[in-house]
Amino acid sequence: MGLVSDAKKAVALVRRAVLNRSAVIEVRRALAQRPPHPSFHYRVAVYFADGDVNMYQMRQWYKPLAELSKTWPVVVLSRAATGARALLAEEAPPVAFVPTVRDLERFIATQDIRVVLYVNQNTRNFQMFRYGRRWHVFINHGESDKMYMTTNQYKAYDYALVAGDAARERLSRVLWDYDIDHRTIPIGRPQADHYSGTLPYPPDDRTVVLYAPTWEGDRPSAHYGSVASHGEALVSALLATGRHRVIYRPHPRSGVVDAEYGAANRRIIAAIAAANAADPAARHVYDHAPDLGWQLSAADVAIVDISAMVYDRLAADRPLLITRPADPAAAIDTHGYLSACEWLDASSAPDIVAETDRVLGDPEAVARLERWVSHYFGDTSPGAATARFHAAIERLMREWDEWYARTSQGEAEEEPEEEADLDDES
């Protein structure tokens, strides 16, 4: 068995190397067809060391970064070939493919990068941290109450751009000797000012309900998925009214662990198709597109599981219900919003019409939502988060000028000590 396992691993490594080499060739060919990067042009860099599997972490920043680049030119420093290939094929900022440390050094030497942004905690971020005289800033790829949001790795960055007071409280509760007031800058969620996509239906007087469950999870503590426990009952009830429109957006991994969960997902999709066939004006939506944006802003009410979708919807400042996990072993963080959210138990799923009417019309529920939205994201009026994002970068640029004048008076930056280049671009 050991020999078979080793053989499979060897085949997987060879396949990965071949695919990576192919991606390198494609990226270099694509870049050769584009104009070279102008020298000493970029002031802001986004460091992205991941491949295409984690592109969702970058995509949500495309539009905020495009707006920022009108003032401060932005470039993405892409370390992985598959990530660079995806970036070049999408509406990303300009891309510098820097697979090795030497490539990274050469590019940095030709630019005046003063602020480096990081969307995740990839261990290769440390290969960029070695460069001083620039601010290293964690911007993350979402807001939630997960453990990831309080990692001690925050201390590795000069600053962190966080969503709001909830993030600061979370970090204060966990991190020792961390200057929250100085090193965190609240900006809200600028992505909410740039929702992508267009409505796939003409607006009418129907109440639009987004149901966006997560997958079933691979262990009891993560059994947050509601498709089998809540989903069929609530979707059936909404489809039957004639006055609701359902947008069903299941997690792409639905059913990979639990066959019954996958079967329930397929039955919901079939029910939506049947409802549309019976009443074409209903225009219910089975949404499996990669982009998330219009769904959050178009829905009058959202029904979500415990996942990042809770906070994506909260940033939209619109009513939502959260499914209570049917498995009592599922872990629930009660420090934040989940301590006072609008829960939907499985037993209440058939009564979803009354539940949606309640969160839409109950003044107490509306006021409670507003308090939590403000706690997590601050001012969510159109353009407010974008303005705070730009103001944060402006502040960092001013501080860069002050420190540069104080410490160097124009001296050339000391070259970082040479280190072994362990990157393999083949």
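Helix 4 (residues 81–89) is largely enclosed by the rest of the structure, because seven of its nine residues are buried. Buried here means under 20% relative accessible area, with exposed over 50% and partly exposed in between (1.4 Å probe, protein chains only). The buried ones in helix 4 are Ala-81, Thr-82, Gly-83, Ala-84, Ala-86, Leu-87 and Leu-88.

A word on the ground rules: this is a predicted model, where local features need pLDDT of at least 70 and side-chain atom pairs count only at pLDDT 80 or more, while totals for chains, interfaces and linings use all residues. Residues are numbered from 1 along each chain as its sequence is written, and side-chain values use heavy atoms, leaving out hydrogens and water.

Now the whole chain. You'll find 15 helices and 13 strands in it; these are DSSP runs numbered from the N terminus, H or I of at least four residues for helices and E of at least two for strands. Buried residues account for 49% of the 426 in the chain.

| Chain property | Value |
|---|---|
| C-alpha trace span along principal axes | about 70 × 55 × 45 Å |
| Accessible surface (Shrake-Rupley, 1.4 Å probe) | about 20200 Å² |
| Surface belonging to carbon and sulfur atoms | 54% |

As for contacts (heavy atoms within 4.5 Å), take those between residues at least 6 apart in sequence: 69% of them join residues at least 24 apart.

On to the nonpolar cores, meaning sets of buried Ala, Val, Leu, Ile, Met, Phe, Trp, Tyr and Cys residues joined through side-chain atoms within 4.5 Å. The largest has 38 residues, and Met-58, Val-115, Leu-117, Val-137, Leu-161 and Ile-393 touch the most other members. Helix 15 (residues 384–407) gives the most to this core, with six residues. Leu-117, setting aside neighbours within four places in sequence, contacts Val-44, Ala-45, Val-46, Tyr-47, Leu-65, Val-137, Ile-139 and Ile-393. A second, separate core has 35 residues, including Ala-163, Ala-298, Tyr-311 and Ala-330.

Finally, a loop residue: Thr-214 sits between strand 8 (207–212) and helix 9 (227–239). Thr-214 is buried, at 12% relative accessible area. Beyond neighbours within four places in sequence, its contacts include Tyr-224, His-251, Tyr-261 and Asp-305.
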